[in-house]
Amino acid sequence: MKALIEHKAEVNGESREGQTPLIAAASLRRPAVVRTLRDHGAHVDLAAADGRTALMHAASVGLAESVAMLLGAGAQINATDKNQEGALHRAAERGHATVVR
């Protein structure tokens, strides 16, 4: 991935569903990739077509390390998706106590 970034790959590029590399890394439990993308300018509050951000995905899968990184980078903690669910709701619903704290 670093080679792609060094060759000017778009860290904020979107799939047809509006998913960014940061959202994909968060949802697939890849904190090292989340960190690398964040460090190379990924916008932490971009949302996919469903309105979900990387923070919401990280919270959904219980990835406290990525949640902390994203919050530290300024992710909006109270943003909601198209169902009006935010990161806290998604973490609590799935029983991820370490993320809820």
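The exercises below concern a predicted model.

**Exercise 1.** Find which residues have the most contacts inside the largest nonpolar core, and which elements supply that core.

Solution. 
- Step 1. The largest nonpolar core has 25 residues.
- Step 2. Inside this core, Leu22, Val34, Leu37 and Leu70 have the most contacts.
- Step 3. Two or more core residues come from each of H2, H3, helix H4 (54-60), H5 and H6.
- Step 4. With five residues, H4 gives the most to this core.
- Step 5. In soluble globular proteins, nonpolar side chains tend to be buried together.

**Exercise 2.** List the residues in contact with Val34, leaving aside its neighbours within four places in sequence.

Solution. 
- Step 1. Set aside the neighbours of Val34 within four places in sequence.
- Step 2. The contacts of Val34 are then Leu22, Ala25, Ala26, Ser66, Met69 and Leu70.

**Exercise 3.** Locate Gln84, state its phi, and decide whether Gln84 is buried or exposed.

Solution. 
- Step 1. Gln84 lies in the loop between helix H5 (64-72) and helix H6 (87-93).
- Step 2. Its phi is positive, about 65°, although Gln84 is not a glycine.
- Step 3. The relative accessibility of Gln84 is 60%. Exposed means over 50%, so Gln84 counts as exposed.

Conventions: Residues numbered from 1 in each chain as written. Predicted model: local features only at pLDDT ≥ 70, side-chain atom pairs only at ≥ 80, totals over all residues. Heavy atoms only, no water. Helix = DSSP H or I, 4+ residues; strand = E, 2+ residues; numbered from the N terminus. Buried < 20%, exposed > 50% of the residue type's maximum accessible area, 1.4 Å probe, protein only. Core = buried A, V, L, I, M, F, W, Y, C linked by side-chain atoms within 4.5 Å. Contact = heavy atoms within 4.5 Å.
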